[in-house]
Amino acid sequence: MKGNKISSFQGFLKLTKRVRKSKTNSLTTSIFSLPNELLITEVLARVAATSICDFFNLILSCKAFHQTADDNYILGHVSLDKVPVIPWRSPKQAFFLEKCKETGHPEALYREGVVQYFSFAKVGEGLSCLNSAAKVGHVGAAYVLGVILLCIDKGGDGRRLLNYVKSKKGIGESRKKFKDVINRLWLNNFLEPKPNACPMQAQHRRKQRWPSDDDDDDDNDVSCEACGCHLQVIFVCNLLRGIVTY
């Protein structure tokens with residue numbers, strides 16, 4: 001009787017070990033059954049979105065990573081925080097930024113749009129890049145494009161874009177980003193604000209001051225949509241002219 005119990009217990013232990021081993025093998029198999037290309041692409045995309053320095057170090061560490069680095073999915077996710085707006089002194093960075101733009105990278109398109117419109121005075125190319133970036137949800141591009149459209153008699157589209165930016169609570173961040181970019185450029189194209197057509201603008205403005213780029217909701221001080229958008233236009237126009245706006 002005692003021998004039977006011992007035998008049964010030993011059999012139970014063997015069964016438990018087989019089950020554990022089976023679960024481990026199943027997990028390992030499920031991971032490594034994925035295509036290598038998919039694993040490599042996803043790993044690189046996640047690293048690229050976090051740090052471009054880590055991304056470059058990673059692709060130098062492994063041949064497989066290096067061969068996959070030009071994948072459009074990866075280049076569309078890479079962080080450009082450490083890449084200059086115009087990498088004058090680094091042909092490699094300039095080439096890399098161009099590759100990102102070709103893949104439709106929103107930040108690369110935004111930068112290219114600002115550079116083309118305000119520095120190279122290529123209006124069509126600038127608007128095209130900004131529009132492409134705004135379409136995929138780049139808030140900064142929507143802000144700049146909205147202001148430009150308000151200055152070129154396309155007020156309806158411009159107000160729609162600025163309302164979108166406001167709904168995302170992106171006014172303050174968009175101002176800071178735009179200021180940071182244009183401070184690195186030689187400006188050759190400027191904007192001229194259209195007159196505020198609101199007949200009750202004096203009543204609609206509860207505070208007589210320019211918006212500050214430190215506050216995300218300055219135009220909450222303005223109850224009229226047209227007046228609020230006009231304040232954003234004035235802010236950007238003065239910023240381009242080097243006029244202190246806060």
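## Helix H8 and its surroundings

Helix H8 covers residues 123-135, and its 13 residues reach 18 Å from the first C-alpha to the last, close to the 18 Å expected at 1.5 Å a residue; the expected span is 1.5 Å times one less than the number of residues. Helices here are DSSP runs of H or I with at least four residues, strands are runs of E with at least two, and both are numbered from the N terminus. This is a predicted model, in which local features need pLDDT of at least 70 and side-chain atom pairs count only at pLDDT 80 or more, while totals for chains, interfaces and linings use all residues. Residues are numbered from 1 along each chain as its sequence is written, and side-chain values use heavy atoms, with hydrogens and water left out.

The buried residues of H8 are Gly126, Cys129, Leu130, Ala133 and Ala134. Seen down the axis of H8, these buried residues fall within an arc of 135 degrees, so they line one face of the helix; the arc is that of the directions from the helix axis to the C-beta atoms. Buried means under 20% relative accessible area, exposed means over 50%, and partly exposed lies in between, with a 1.4 Å probe and protein chains only. The face turned away from the buried side carries the exposed residues Gly124 and Lys135. The buried residues of H8 pack against helix H7 (106-119) and H9, where a contact means heavy atoms within 4.5 Å.

Alanine 121, in the loop between H7 and H8, has a phi near 55 degrees, a positive value in a residue other than glycine, and its relative accessible area of 39% makes it partly exposed. Just after H8, glycine 137 takes a positive phi of about 95 degrees.

## Helix H10

Helix H10 comprises the 13 residues 155-167, which should span 18 Å at 1.5 Å a residue, and its end C-alpha atoms are 18 Å apart, in agreement with that value. Within H10, Gly155, Gly158, Leu161, Leu162 and Val165 are buried. They cover an arc of only 130 degrees around the axis, and therefore sit on the same side of H10. An α-helix has 3.6 residues a turn, so residues three or four places apart point the same way.

On the other side of H10, Arg160 and Ser167 are exposed, whereas the buried residues pack against helix H9 (139-151), helix H11 (171-182) and helix H13 (225-240). In the loop between H9 and H10 lies aspartate 153, whose phi is near 65 degrees, a positive value in a residue other than glycine; at 61% relative accessibility, aspartate 153 counts as exposed. H10 is followed by lysine 169, whose phi is also positive, near 55 degrees.

## Salt bridges

The structure holds 8 salt bridges, each being a side-chain nitrogen of Lys or Arg within 4 Å of a carboxyl oxygen of Asp or Glu. In one of them, the side chains of glutamate 98 and lysine 101 meet at 3.4 Å, N to O; both residues lie in helix H6, 3 residues apart, about one turn of the helix. Glutamate 98 counts as partly exposed at 33% relative accessibility, and lysine 101 is partly exposed with a relative accessible area of 22%.

Lysine 101 also forms a salt bridge with glutamate 112, the closest N and O atoms being 3.7 Å apart. Lysine 101 lies in helix H6 and glutamate 112 in helix H7, so the pair ties together parts that are 11 residues apart in sequence. Another salt bridge, between glutamate 192 and arginine 241, has an N to O distance of 2.8 Å. This pair links distant parts of the chain, 49 residues apart, with glutamate 192 in the loop between H11 and helix H12 (201-204) and arginine 241 in the segment after H13. Through shared partners, salt bridges join Glu98, Lys101 and Glu112 into one network.

## The protein as a whole

The protein has 13 helices and 0 strands. Of its 246 residues, 41% count as buried. Among contacts between residues at least 6 apart in sequence, 61% join residues at least 24 apart.
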